[in-house]
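My entries follow in the order in which I checked them.

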Amino acid sequence: MEDYTQVVGATISPRDAEWREILRQDKSAKERSAIPRAQMPQLDPSYRVTTMEAEVNQGLSEEQAVVEASRCLDCPNPGCVIGCPVGINIPGFIKNIERGDFHQAAMTLKETSALPAVCGRVCPQEKQCESKCIYNKMKKEPVAIGWLERFAADTEQKRSDSDKAVQPLTNGRRIAVVGSGPAGLSFAGEMSRRGYDITVFEALHEIGGVLKYGIPEFRLPNVVVENEIDSLRRDGVNFEVDCVIGKTYSYDDLLSMGFEAMFVASGAGLPRFMGIPGENLIGVMSSNEYLTRINLMGAGREGYATPVLKGTRVAVIGGGNTAMDSVRTALRMGAEEASIVYRRSEAEMPARVEEVHHAKEEGVKFLTLHNPVEYLSDENGRVCAMRLQRMELGEPDASGRRSPVPVEGAIEEVPVDLVIVSVGVSPNPLVPSSIDGLEVTRRGTIAVDDTTLQSSIPVLYAGGDIVRGGATVILAMGDGRRAAAAMDEMLSAKGK
């Protein structure tokens, strides 16, 4: 298979011209299945680690997208749709791409997804829609659904008439949304389409939640998030920033302001630590704080005064996507050596395979089957080393993954000057604790009905991390859609 890696200034493979010829011919299922999966053009690793803003994946060309779309066999019972948490009409938008009707492809996506350009970049398609593609049964690579979703959404954003405002229809009924992350935005978009007057309240100074503060621009550019938010504004969604529900306004305040119901999507912004010696040293911080300072508050960029610790030898503790974002950010912030420390093997890492691959390309070291047990300080109280316990895999735990077990006596000391802890987050407790009568779980999440996402307060629904405790963007968006459908049914039955 040809290499489509794109260096700065390089062009995509001339094979695109051959694909134009392929498109002139009708193809049988056998011919479609013989077409190799498209390869995503990427920035060269040696260049991309020098900049925070340059997106690694460069997007498919029009020719690549059309040919990749032609691989879709249009199955009678498409498993890909079942695998999508928001139920996108995947064959529908893909066939529109194959026909060259990119606008209709985007409109098909918008029927169920408020954030297609975001999902096409950060959703784990390999574990969801693409994992259900029939090509997997044929021992072939699945259709690149995520890349095609990104292509359709990005192409629509470039249309000269895509920003024309359309007067939204409204039934005059006001709904409050707490939090502007993926769950809140998905809910807002769905309810706006159903005719409700939606106001999203965001505690921070920018809209987007984790999409802005948690995911670096080299993976999800802010302009992409802003474009999706602008689309929601054109659909009639209102946004209010610097507004902390539970402080600025209480739940009762919102009811007195005329809001009939509320969807809580306040996320899980409380970082967890491991409780080991040395975690209070200078130079040990959470990935949440590290990424927020850089992504949202501009630390390290010209014109911003936000401070952030920089390290020469950086260790990131954890194996999820946030850990990968943190370690790759550290390289871009000037680290000479950046490592992932993970207590299980690489096979057990929850991070996307693509993110692990990109991290390795950029020079990240992987200390798998290692777990920190103590951080050591220098004479100034700053971390200077970590003591790592070597691990081995034992019997499977409740999740089915093999549990890591310490290897007796296998301790090593590794020099570091910055440690970023990325071992999970807990729900934001402010909103749940400020509402009388709201039932919460022992984990601090809001207790909801599994199907409707309705809480113990009939007019309050919740979704995303405040319910799940930590989840992917697409699962949070799925919560938003389900809650919108259930709330709409409840309010419609209730009447004005």
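Entry 1, terms and ground rules. I call a residue buried under 20% relative accessible area, exposed over 50%, and partly exposed in between, using a 1.4 Å probe and protein chains only. The model is predicted, so I note that local features need pLDDT of at least 70 and side-chain atom pairs count only at pLDDT 80 or more, while totals for chains, interfaces and linings use all residues. Residues are numbered from 1 along each chain as its sequence is written, and side-chain values use heavy atoms, with hydrogens and water left out.

Entry 2, the loop between α17 and β15. I took helices (H or I, at least four residues) and strands (E, at least two) as DSSP runs, numbered from the N terminus. I found Q454 in the loop between α17 (430–434) and β15 (460–462). Leaving out residues up to four places away in sequence, Q454 touches A447, V448, D449, L460, Y461 and M490. I also noted A483, which is 29 residues from Q454 in sequence but 7.4 Å away in space, C-alpha to C-alpha.

L453 sits in that loop between α17 and β15 too. Its relative accessibility is 3%, so L453 counts as buried. L453 is not a glycine, yet it has a positive phi of about 65°. Most residues other than glycine have a negative phi.

I located D242 in the loop between β3 (238–240) and α13 (251–256).

I took the expected span of a helix as 1.5 Å times one less than its number of residues. For α19 (residues 473–494), the 22 residues should span 32 Å, and the end C-alpha atoms are 31 Å apart, which agrees. Just after α19, G495 takes a positive phi of about 75°.

For α12 (residues 222–234), the 13 residues should span 18 Å, and the end C-alpha atoms are 18 Å apart, which agrees. Within α12 I listed N222, V224, V225, E228, I229, S231 and L232 as buried.

For α15 (residues 321–332), the twelve residues should span 16 Å, and the end C-alpha atoms are 17 Å apart, which agrees. How many of the twelve residues of α15 are buried? I have ten, so α15 is mostly covered. The buried residues are A323, M324, D325, S326, V327, R328, T329, A330, L331 and R332. Just after α15, G334 takes a positive phi of about 110°.

I420 lies in strand β13 (residues 418–421). With 0% relative accessibility, I420 counts as buried. Setting aside neighbours within four places in sequence, I found I420 in contact with M285, S286, S287, Y290, V314, A315, V316, I317 and S326. One of these, Y290, is 130 residues from I420 in sequence and 7.5 Å away in space, C-alpha to C-alpha.

I used axes fitted as lines to C-alpha atoms, for helices over the stretch in contact, with angles from 0 to 180 degrees between N-to-C directions. Angles under 35 degrees count as roughly parallel, over 145 as roughly antiparallel, 65 to 115 as roughly perpendicular and the rest as oblique.

The axes of α6 (residues 90–98) and α7 (residues 102–110) are 7 Å apart, at an angle of about 170°. That makes α6 roughly antiparallel to α7. G92, F93, N96 and I97 of α6 meet F102, Q104, A105, T108 and L109 of α7.

The axes of α4 (residues 62–70) and α6 come within 8 Å and cross at roughly 130°. The two helices are therefore oblique to each other. From α4 the contact uses A65, V66, A69 and S70, and from α6 it uses I94, K95, I97 and E98.

I found Q128 in the loop between α8 (116–122) and α9 (145–157). Q128 has a relative accessible area of 13% and is buried. Not counting residues up to four places away in sequence, Q128 touches G83, P85, T472, I474 and L475.

Note on methods:
Contact = heavy atoms within 4.5 Å.
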